[in-house]
Amino acid sequence: MSEDKVCVVIGASHAGVNLAFNLRKEGWEGKIIVFDKDSNLPYHRPPLSKKYLELEDSIQNNLLKPEESYIKDNIDLKLGVSVVSINTDEQFVSLEDTSVQAYDKLVFATGARAFIPQIQGIQEAKNVFCLRNADDVAGIRDAFTTSITKKVVVIGGGYIGLETAASLKKLGADVTVLEREERILARVTTPYLSEFFNELHKANGVSIFTNKNVTEISNTNAVLCDDGSSYEADIIIVGVGIIVNTELAEQIGLKIENGICVNTRTETSQKDIYAIGDCTYHYNSIYDRFVRLESVQNAVDQSKVAAKNICNKEATYETIPWFWSDQYDVKLQIVGLVNGFDDKVVRIEGDKKFSIWYFKGKKLLAVDSINNAKSYVLGTKYIKTKAEIDKIELVNPASDLKSVVVIHQD
């Protein structure tokens, strides 16, 4: 492979960084240049709402790769630099300082940013934070340190909001979570799991209120809702969703639909341009539908596929999605996608130890595991092998999970 070829990666995310190193593994001999507007050396994002926020760890202890690894593999990191436009005819990107960089292959690993809702007074309010990067965490830490009453209002009862609530509660904050829907986690899981986490947070002293539509933040930093209720806050955390970073992709006419559309080779609608990670809308053959996933697993796996294809080695993306969340003494591990399920089996094996198995007819779609790694591991295996599960045996905690598979006699 020619040494004068250039691969430009937009985004030093999990996807972008892994793509760069995978390119070297696959034999790419040309230049690899990674641009990112974040000036920090690329770091792991999941701990932002956990260990980083709890003051137990630092960004520098959780780098994706040490700085010397980039030097060793001749990967050129351009940090604190934004790509502002792309010329696909002449194949170059323009940077904010008006300089340009030519490319032969271009990869979007642009991820997503926090969605800021239209709430009156939110722009003027003090100590309002999202939680997407290291600077956000630093801001929250500083505000928390200087706060006297340490009253925190979290707007949004999704995983990020709940993880943030748990972390700040551990630090001694007075935490209130406001969720617009009828239940927390309404968009991502079933009522059973929502109720479990609702009770978990209440047991740990977090106040959770649902059906709360925030309309205003007052000049005294009170959070006001359309039902007339209000909540005092020293610190306000906004975790109500994300916006996929597709602006550059739209600018050059890539196909966009809930993200940058890619095929199973991670190729976009234009030649020599790829997309990976949170920003992609891709086909999942296991579930026979298009999905956009916000997970480290998806970012890492797509980066491997993209690297192979850029290096002219055939590879397709076919992976079972998985996710996780840590809150207090609870580890939630999720494998698969629950969309379309028509039956579920709850297997309770102890205090704060259970699993929920989701089915469409006889087909196992997904498993939610609470403090139960075995159900997560075997659930993954059963989805992958399309095993038929005896639901009666499954619900019985005395039965061995390895024996719940139906074996048909010829």
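Two points on conventions come before the details. Since the model is predicted, local features need pLDDT of at least 70 and side-chain atom pairs count only at pLDDT 80 or more, while totals for chains, interfaces and linings use all residues. Residues are numbered from 1 along each chain as its sequence is written, and side-chain values use heavy atoms, with hydrogens and water left out.

Let me begin with helix α3, residues 134–146. Helices here are DSSP runs of H or I with at least four residues, strands are runs of E with at least two, and both are numbered from the N terminus. The end C-alpha atoms of α3 are 19 Å apart, which agrees with the 18 Å that its 13 residues should span at 1.5 Å a residue; the expected span is 1.5 Å times one less than the number of residues. The buried residues of α3 are Ala134, Asp136, Val137, Gly139, Ile140, Ala143 and Phe144. Buried means under 20% relative accessible area, exposed means over 50%, and partly exposed lies in between, using a 1.4 Å probe and protein chains only. The cover over these buried residues includes β9 (128–129), α4 (159–170) and β16 (235–238).

I turn next to helix α8 and the residues that flank it. Helix α8 spans residues 373–385 and reaches 18 Å from its first C-alpha to its last, close to the 18 Å expected. Its buried residues are Ser375, Tyr376, Leu378, Gly379, Thr380, Tyr382 and Ile383. They pack against the strands β22 (322–327), β23 (330–336), β25 (353–360) and β26 (363–370). Contact, here as elsewhere, means heavy atoms within 4.5 Å.

Asn372 lies in the loop between β26 and α8. What surrounds this residue? Leaving aside neighbours within four places in sequence, Asn372 is in contact with Gln333, Glu349, Lys353, Phe354 and Ser355. Its relative accessible area is 3%, so Asn372 is buried. The side chain of Asn372 also makes a polar contact with the side chain of Glu349, at 2.8 Å. A polar contact is a pair of N or O atoms within 3.5 Å; within protein, one must be able to donate a hydrogen and the other to accept it, and residues adjacent in sequence count only if both atoms are side-chain atoms. Just after α8, Lys386 takes a positive phi of about 60°.

Another loop residue is Thr190, between β11 (174–178) and α5 (191–203). Thr190 counts as buried because its relative accessibility is 6%. Its side chain makes a polar contact of 3.0 Å with the side chain of Tyr358. Beyond neighbours within four places in sequence, Thr190 is in contact with Arg183, Phe341 and Tyr358.

Gln91 is partly exposed, with a relative accessible area of 25%, whereas Asp288 counts as exposed at 57%.
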